[in-house]
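Here are a few notes to read alongside the model. Have a look at it first, then come back to the points below.

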Amino acid sequence: MPFPRSSGILLHPTSFPSRFGIGDLGLAAYKFIDFLRESYQQYWQVLPLGPTGYGNSPYAAYSAMAGNPFLISPEKLQEQGLLAEPDFANLPEFHTSQVDYDKVIAFKTQLLKIACKNFQSQATPLQQTEFAGFCDSKAYWLDDYALFMALKDAHEGTSWHTWEPELVKREPTAIEQAKQQLSAEIFYYKFIQFEFFREWSELKAYANMSGIQIIGDIPIYVAQDSADVWSHPEIFCLDEETREPKLMAGVPPDYFSATGQLWGNPVYDWEELQNQNFKWWIGRFEAMLDYLDVIRIDHFRGFEAYWAVPQGEETAINGEWVKAPGDELFAAIKEALGKLPVLAEDLGVITPEVEALRDKYEFPGMKVLQFAFGSDPGNPFLPFNYSRNFVVYTGTHDNDTSVGWFDKANDYEKRNFLLYLGCISPEGVHWDIIRLAFSSVANQAIIPLQDILGLGTDARMNFPSVAEGNWGWRYHTEALTQELSDRLKTLTQLYGRAPQPK
């Protein structure tokens, strides 16, 4: 669906300041929303919010529907009486600009277990009722997720396909026995999901009250080592014996990698999904719309045709395009849930068929300005080639920051960029590219906070195809100044993206 002319900021919650080594849903999140409101922004875009696995990537979560427990605010738990100041006595000395995930996970897990124990002994009748209601309403994914995580802990973190055969195949007797033996661990995982969604719901309500809508990210694929693949193996292309992916997801060689990107996720058995009338996908969208206002579909082109790489390949070069029933899927979702507030990440190898699917459902596509200056005037990322139903970004989480991009750009790109703008303004290249995004006809403009702060490559969020060392950047509390807010507000007003009086 087309959106009104507006703008917003891309920032994942892990990047908030916090004394606990990672951003969370506490005070800094509320202050960021205040900054958005005062700057006349109307959108806050986040990356996927699921519980991350290997490499801490939000795009490789243990569940497509659960929340990341390490975004829970210990101070919010303290406000409820579930933690006390002495629980923070051995707080490690965390890095303030980067997330040390190993250290954070070790410490925050201790706090979450203390809070869970206190909840069991101290919860009021109202809290107990709310918890029971949450568990009941989310049972369609929560029961499998909590059991999956409890079993994963019992197996020292190993992937589910290496567990005992009766658990791999989810034989009813083995599943029931595991539920009984791991009941305490299952309760813990349900409790932290209850707390995550309680805190997120409060934060989202504050954002909406402030005139801010939240754009969330739904990755097309789920991780092989996830509750989703373990509990619904029939909808994925898995080897019958090993239960590893028979066909792996990825993309062919592109801007980011000469050998393509081999993600390793299992691709879907779309025939089986269609036989089930896309029940799993409808449930996934329904779950997302419970806590997001707008959904950005990552790798949208995979719904028209997807790149499938046989098991055993080490790069994505030797894959092939396979047709997907995207039209039938979105028709089924629309029938079940109504017209969807969706943005389509339509980057990469885009064909007329992909564009037709996007346009049939009126999903806005994406434009990235960092891609605009490497070729001729026919480049689709140049602003004069846009139509209105698009979202323009200076860059995404997969790009360098705009300052870093310009520093590394070749002479041809730099020359084109300078000719297009006329000159570099005294405010710096980052404000020039932000101005270019805001002045375009695209209905929405989303800017990573790193670009608003004018930061270099050190603040980059992700290097595609690099498995470790990503997703760690954090900003400091003092970064969000009044001067910055005023400058952003001025540009927002100047280019007609400010909220309209009601």
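1. Helix α11 covers residues 279–291 and helix α12 residues 326–337; they pack at about 55 degrees, axes 10 Å apart. Axes are lines fitted to C-alpha atoms over the stretch in contact, and angles run from 0 to 180 degrees between N-to-C directions. The crossing is right-handed (near helix turned clockwise from the far one by less than a right angle).

2. This is a predicted model, with local features needing pLDDT of at least 70 and side-chain atom pairs 80 or more, while totals for chains, interfaces and linings use all residues. Numbering starts from 1 along each chain as its sequence is written, and side-chain values use heavy atoms, leaving out hydrogens and water.

3. Who touches whom? From α11, Trp281, Ile282, Phe285, Glu286 and Leu289 meet Leu329, Phe330, Ala332, Ile333, Ala336 and Leu337 of α12 (heavy atoms within 4.5 Å). By class, this contact has 10 nonpolar, no polar and one charged residues.

4. Now the second largest pocket: its volume is about 850 Å³. Of its 36 lining residues, Tyr62, Phe70, Ile105, Thr109 and Tyr189 are the closest to its centre. (A pocket is an open set of points on a 1 Å grid where a 1.4 Å probe fits, with protein on both sides within 12 Å along at least five of seven lines; lining residues have an atom within 4 Å of a point.)

5. Which helix gives the largest share of that lining? It's α3, with nine residues. The lining has 16 nonpolar, 12 polar and eight charged residues.

Definitions and conventions: Grid points are joined across faces, edges and corners, and a volume is the space filled by probe spheres set on the points. Helices (H or I, at least four residues) and strands (E, at least two) are DSSP runs, numbered from the N terminus. Ala, Val, Leu, Ile, Met, Phe, Trp, Tyr, Cys and Pro count as nonpolar, Asp, Glu, Lys and Arg as charged, and the others, Gly among them, as polar.
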